[in-house]
Amino acid sequence: MPTELTDYDPTLGRKFIFVTGGVMSGLGKGITAASTGRLLANAGFDVTAVKIDPYLNVDAGTMNPYQHGEVYVLKDGGEVDLDLGNYERFLDIDMTFDHNVTTGKTYRHVIEKERAGDYLGKTVQIIPHITDDIKRRIREAAAGHDVCIIEVGGTVGDIEGMPYLEALRQFAHEEDDEDILFTHVTLVPYSKNGEQKTKPTQHSVKELRSIGLQPDVLVGRCDDRLELKTKEKIALFCDVPVDAVFSNPDVEDIYHVPLMVEDEGLDEYVMSRLGLEDEAIPKADRQNEWREIVTREATGQIDIALVGKYALEDAYLSIHESLKHAGFEANTEVNVLWVDADEMDDAHADRLERADGIIVPGGFGARGMGGKIKAVRYARENDVPFLGLCLGFQMAVVEFARNVCGYEDAHSAEMDDTTAHPVIDILPEQYEVEDMGGTMRLGAHETDIEPGTLAHEVYDSTSCTERHRHRYEVNPEYIEELEAAGLVFSGRAENRMEILELPDNEFFFGTQFHPEFRSRPGRASPPFVSLVETILESEETEHEEVTV
């Protein structure tokens, strides 16, 4: 039943794994948590995840990619941290905004309840009101699943994370021991003489224990596997069994981390600790599909230019991963060539010439638009396989209007509100909306696909459902003229243009949506697969011609 002061219901949920991090941020808590979930899913359990972000933002929608990487969009339109993208890819699940807990979200909810008088005049405090709201969110996200993995962002000792760790301390008191497991990820660096140092881990666990939390599992991030003497020392000073200390060494690909921790026995230990071993699929009968996919040997190699404005892989993480997934499917290694849209004329133009294909990704703001438009033109005029995503789709329309239709000043009204030819604009029905957030198209929406088109071939269907994150659209006033000049809008959602293509080019494809957000290992995104396959088929044809 709900507690007296709040609406928190402690009866929800089943098994909970909390993942915290120490020493420094960016260690790989999310990948460790996702890998644990992948192994439990392989063992037959229904696994979900929650990401706790202690920042005051309500969501990640307004954050600069240099702060937190890409903004990942969920099916319900939630704009979240990129770690939730890793959870979706590793667990092959679709999550919702309820699976992301932020300080802004929690405090806003509690304050709104206080303003509405829901607390009947009682003093509203961090304990129990904030901590109970945190616990409520975790339990509601976990309801109906066998295991819920909760990653606490930041580092133990951060002042922003204190209410969350206190909530977890309470959580542990409310549950049976076999229903709760605490995993702590720390850094195990090398000294100059090559010794694995445990002192950072010791101090981190000491900080955690001072808050009232004792880790059940310790995962050491190191260049190499932890030596036995290192594990024994960590176990002694951190009060855990030696077989509860695991290695998470550097690997070539993040998709190999589940294999690495599986070899260490992490999944078996976790299931034993949670009392799940008798319910698990026998090890010999578990799915090996993940291992088969991510260890498949590549027989080819291609280069794809990514033309953007953020010189940071995390800013386009889902695109990188989607190309990797398409490469898995085609047994091909896909190398991404970074092309700075701002500096293409000076230093990066040669990368377009080297590339087998070109991607222009999404984004906001006018910076780099000139370089993106030039990249689109280069792909169109030289018949280089091209994929435009969201803003890349829009810039393909702008480039076509300028250089084929003859509207030299054509542009997006988002970038230039004085252009005489706003081929990209907000739709007429959006003109009266004052709140800009009200015009943002977010989340999963269905697109109707014209039969007999490239889009129909790509998706092998007359419809698709993909995730969106944009405000501006193709201006309906220019559609007839654009199509008369040869541009085909092969996917539509009523009066919204969703997919474009050029039939005269080998592969010139643009989507107003973000197909990268639904790509998974073993279930790669169709547009990315088609891009890679087109390049490979083109190379085979060229090879045959040379041989003849």
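Contact here means heavy atoms within 4.5 Å. By that rule, the elements covering the buried residues of helix H4 include strand S2 (47–53), strand S5 (100–102), helix H5 and helix H6 (162–174). The model is predicted.

**Helix H4**

- Helix H4 runs over residues 103–115 and has 13 residues. Its first and last C-alpha atoms are 18 Å apart, close to the 18 Å expected at 1.5 Å a residue.
- The buried residues of H4 are Thr103, Gly104, Lys105, Thr106, Val110 and Lys113.
- Two lysines, Lys105 and Lys113, are among these buried residues.
- Gly117 follows H4 and has a positive phi, near 85°.

**Helix H7**

- Helix H7 takes in residues 199–210, 12 residues in all. It reaches 16 Å from first to last C-alpha, close to the 16 Å expected at 1.5 Å a residue.
- Thr201, Gln202, Ser204, Val205 and Leu208 are buried in H7. They lie on the same side of H7, because they cover an arc of only 165° around the axis.
- An α-helix has 3.6 residues a turn, so residues three or four places apart point the same way.
- Lys206 and Ser210 are exposed, on the other side of H7.
- Strand S1 (15–21), strand S7 (180–187), strand S8 (217–222) and helix H8 (228–238) pack against the buried residues of H7.
- Gly212 comes after H7, with a positive phi near 105°.

**Largest pocket**

- The largest pocket has a volume of about 1,000 Å³. It is lined by 40 residues, and the closest to its centre are Gly26, Gly28, Leu82, Asp83 and Asp314.
- At least two lining residues come from each of helix H1 (29–42), strand S2, helix H2 (65–68), helix H3 (82–91), strand S9 (245–249) and helix H12 (317–330).
- H2 gives the most, with 4 residues.
- The lining of this pocket has 16 charged, 13 nonpolar and 11 polar residues.

**Cavities**

- Rolling a probe the size of a water molecule over the atoms shows where empty space is left.
- The model has 3 cavities of 30 Å³ or more.
- The largest cavity has a volume of about 70 Å³. Its lining is made of Thr20, Gly21, Pro54, Val152, Gly153, Gly154, Thr155, Val156, Gly157, Asp158, Gly161 and Leu165.
- By class, the lining of the largest cavity divides into 7 polar, 4 nonpolar and 1 charged.
- The second largest cavity holds about 50 Å³ of space. Its lining residues are Gly363, Phe364, Cys390, Leu391, Gln394, Glu414, Arg469, His470, Arg471 and Tyr472.
- Helix H15 (391–403) and strand S17 (463–470) are the elements that give two or more residues to the lining of the second largest cavity.
- That lining has 4 nonpolar, 3 polar and 3 charged residues.

**Backbone details**

- The peptide bond from Ile127 to Pro128 is cis, with omega near 15°.
- Cys390 is not a glycine, yet its phi is positive, near 55°. Cys390 sits in the loop between strand S13 (386–389) and H15.
- With a relative accessible area of 4%, Cys390 is buried.
- The loop between strand S19 (488–493) and strand S20 (496–501) holds Glu494.
- Is Glu494 buried or exposed? Glu494 is exposed, because its relative accessible area of 76% lies over the 50% cut-off.

**Asn505**

- Asn505 is located in the loop between S20 and strand S21 (508–511).
- Asn505 counts as buried, because its relative accessibility of 14% is under the 20% cut-off.
- Beyond its neighbours within four places in sequence, Asn505 is in contact with Ala379, Arg380 and Asp383.

Definitions and conventions. Residues numbered from 1 in each chain as written. Predicted model: local features only at pLDDT ≥ 70, side-chain atom pairs only at ≥ 80, totals over all residues. Heavy atoms only, no water. Expected span 1.5 Å × (residues − 1). Buried < 20%, exposed > 50% of the residue type's maximum accessible area, 1.4 Å probe, protein only. Arc of directions from axis to C-beta. 1 Å grid on protein atoms, 1.4 Å probe; cavity = no way out; pocket = protein on both sides within 12 Å on 5 of 7 lines; lining within 4 Å. Points joined across faces, edges and corners; volume = space filled by probe spheres on them. Nonpolar A, V, L, I, M, F, W, Y, C, P; charged D, E, K, R; others polar.
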